[in-house]
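Q: Could you walk me through the sheet in this one, with the cut-offs spelled out as you go?

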Amino acid sequence: MSKTVSSVPGDKTICLPIADSVDYEKLVKDRKAFRKYLDQQIQQHGELFPAEIEAGYCFHGFRTSAKLGLVSRRIRLIANGQAYQLRPDFVMPYMIGKTEAVEKGLYLRSFGVPYEAIAYVMGKDSMYWYRASLALGRPSIVGTTVKDGEAIPPSPVKR
């Protein structure tokens with residue numbers, strides 16, 4: 001397993017659902033088991049993956065997060081040659097932290113708790129929590145997969 005992987009311009013990320021019962025650390029190292037799990041996820045949640053994945057994919061190395069030390073796999077699509085990083089769903093975008101830990105701090109922020117207070121309670125520093133709250137606005141809303149349209153709050157502007 002390589003610790004450093006050069007980044008190819010145009011790399012994209014797919015957030016891969018990982019069930020609680022799955023040992024991710026073990027799964028990511030086992031090529032056959034990972035392929036079987038990924039094929040299962042493609043079949044169950046096809047909307048999370050690009051349409052070109054139907055033509056097949058090959059593994060394209062690993063990526064290790066400098067912040068979390070977490071290893072993730074990369075795939076390359078056979079149809080168009082684009083590479084994608086497969087980020088597990090239990091980590092935030094850009095792997096700034098685990099969602100479970102960051103969620104609690106951001107919950108406090110929803111009540112207007114200052115970043116310094118969140119840092120005092122949750123650890124890290126105030127800039128970490130500031131950047132984590134900004135990270136929520138990074139994903140493209142246009143490209144976001146919506147599985148349940150009823151769960152989206154109504155628009156305040158009538159159209």
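Q: Which residue takes a positive phi in the hairpin of strand 3 and strand 4?
A: Gly 81 does, with a phi near 75°, in a hairpin that has five residues between the strands. This is a predicted model, where local features need pLDDT of at least 70, side-chain atom pairs count only at pLDDT 80 or more, and totals for chains, interfaces and linings use all residues. Residues are numbered from 1 along each chain as its sequence is written, and side-chain values use heavy atoms, with hydrogens and water left out. Strands are DSSP runs of E with at least two residues, helices are runs of H or I with at least four, and both are numbered from the N terminus.

Q: How many bridges join strand 3 to strand 4?
A: Four, and the two run antiparallel; Arg 73 has Leu 86 in strand 4 as its bridge partner. Two strands count as paired if DSSP finds at least two bridges between them.

Q: And what about strand 2 with strand 3?
A: Six bridges join that antiparallel pair, with Arg 63 opposite Ser 72, and in their hairpin Gly 69 takes a positive phi near 70°.

Q: What's the strand order overall?
A: The open sheet of four strands has the order 1-4-3-2, with mixed pairing, and its edge strands are strand 1 and strand 2.

Q: Is strand 3 mostly covered or open?
A: Mostly covered, since six of the seven residues in strand 3 (71–77) are buried, meaning under 20% relative accessible area with a 1.4 Å probe and protein chains only.

Technical notes. Buried < 20%, exposed > 50% of the residue type's maximum accessible area, 1.4 Å probe, protein only.
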